[in-house]
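Please examine the sequence and the structure before reading on.

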Amino acid sequence: MTALRSAAAGPLSGDIAVPGDKSISHRALMLGSLAVGETTITGLLEGEDVLRTAAAMRALGAEVLQRADGTWRVQGAGVGSLVEPAQVLDMGNAGTGARLLMGVVAAHPITALFTGDASLVRRPMGRVMTPLRQMGARFMARTGDRMPLALAGAATPMPITYRLPVASAQVKSAILLAGLNTPGRTTVVEPEPTRDHTELMLRHFGAGVTVEDGAEGRVVALTGQPELTGRPVVVPGDPSSAAFPIVAALLVEGSDVLVRNVGLNPLRTGLLTTLAEMGADITVEGGRVEAGEPVGDLRVRGTGPLRGVTVPAARAPSMIDEYPVLACLAAAARGDTVMEGLGELRVKESDRLSAVAEGLAACGAAVTVEGDTLTVRGAGRAPRGGGRIVTRLDHRIAMAFLVLGLATDEPVAIDDDEAIATSFPGFVRLLNGLGGRITAPEPATAGHR
Ligand code: S3P
């Protein structure tokens, strides 16, 4: 556990790339393991979360290795080929890894034990257990729906049609991944569209997936037991990681930062929509499509305080991981920023709604939480700072407040930087390379001798 603090910085400038997309990286390892032949992954996020998934896929019988040139090679034996792991699958801090993998295992006739760190074992798993039970899997879980849990996959899985009760790409993906080794059509209906990386990558590997707009929402259907073929996968930079240098540049007036190779899947770009409404100067350069995913370079200029806006609940799925850093930016905007429909933030790596509200209050910002709505009263300049943030094993809380500290009068401290490596190894170096001032706290002075 290392504490860090960030202090007011001069204008940030530079040309950077952020690590690979976490969502796509997990999926590439899992689908590569279920495909016949070799999958080469370029740009895989080598963060703790994804490394846990790589280890789990090895434990389930796939060959997963990193080559000397930095690419990853996955050798799978096809849908239905996984074997029973000899040891507990410890997914660390990774909710996505854990939930998606439960979907994969649920349709294999094997038993696996899942656990995670102090954050992950507090998170609800019932949302995936319910549909996977309907498909034939059996679970035994601590307090009914928490890890550690035991999962006995179905020997003869059954296809289901499932309407998502929460807007969650993780739940949708767990069902589709279970549907892979299930005969017939597995269908997920999502009232609010959520990130579609699983659908896109399933198609990339050769599965038949249809997506239609129905009366109740988006209808995603997969024909089970396809032959997946190993394919090259190029992972774009993670827009959720790019959010941190982007907001840092917007917070520090005079900044000019180019973030290259950022994934711009429209189901992930809610933050960019919101920032445009707030008056941010962000342009997309060199837009292109790589391995089925839109990608571009983002030029961000800090031109002074932005204006507060209302962010509607319908936008939440497309920026769900970006609210902590948006809230920090909103504290420096002119006027209120009202963020609606944030109930899901309570069940992320930490209860992000209270972590953000408490952290901002500790830094002198005025915030309120009413139901699922977070309101930040922007003062037209960064808040005082000076807070010590309890990061609760939550990478995005740690990074959001380190970014805020680059613009506050007094430094902002975090108690623990460990979780940052789950999604953004090299975060501190990258921000400091732009001109940030994130350091270990100065040792307490013992007084004059
Ligand atoms: C993810 C989906 C989101 C997001 C998480 C990654 C994914 O979670 O918060 O970081 O890769 O499918 P939910 O599906 O639970 O909203």
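In this predicted model, the largest cavity is lined by 14 residues, and those nearest its centre are Pro-239, Ile-246, Arg-268, Leu-271 and Leu-272. Helix H7 (239-251), strand S15 (256-263) and helix H8 (270-277) are the elements that each give two or more residues to this lining. The greatest contribution comes from H7, with five residues. The structure holds one cavity of 30 Å³ or more.

The largest pocket has 37 lining residues, of which Ala-167, Ser-168, Arg-195, Ile-320 and Lys-348 lie nearest its centre. At least two lining residues come from each of helix H1 (22-34), helix H3 (95-106) and helix H5 (169-180). H1 provides the largest share, four residues. Both domain 1 (4-20 + 236-439) and domain 2 (22-219) supply at least three residues to the lining of the largest pocket.

The table sets out the volume and the lining of each space.

| Space | Volume | Lining residues by class |
|---|---|---|
| Largest pocket | about 570 Å³ | 10 nonpolar, 10 polar, 17 charged |
| Largest cavity | about 80 Å³ | nine nonpolar, three polar, two charged |

The report now turns to a single residue. Asp-196 lies in the loop between strand S11 (185-190) and helix H6 (197-204). Is Asp-196 buried or exposed? Asp-196 counts as buried because its relative accessibility is 13%, and buried means under 20%. Apart from neighbours within four places in sequence, Asp-196 is in contact with Lys-172, Arg-218, Asn-265 and Leu-267.

Key: Residues are numbered from 1 along each chain as its sequence is written. This is a predicted model: local features need pLDDT of at least 70, side-chain atom pairs count only at pLDDT 80 or more; totals for chains, interfaces and linings use all residues. Side-chain values use heavy atoms; hydrogens and water are left out. Buried means under 20% relative accessible area, exposed over 50%, partly exposed in between (1.4 Å probe, protein chains only). Contact means heavy atoms within 4.5 Å. On a 1 Å grid over the protein atoms alone, a cavity is a set of points where a 1.4 Å probe fits but cannot get out, and a pocket is an open set with protein on both sides within 12 Å along at least five of seven lines; lining residues have an atom within 4 Å of a point. Grid points are joined across faces, edges and corners, and a volume is the space filled by probe spheres set on the points. Ala, Val, Leu, Ile, Met, Phe, Trp, Tyr, Cys and Pro count as nonpolar, Asp, Glu, Lys and Arg as charged, and the others, Gly among them, as polar. Domain bounds come from an automatic or database domain assignment.
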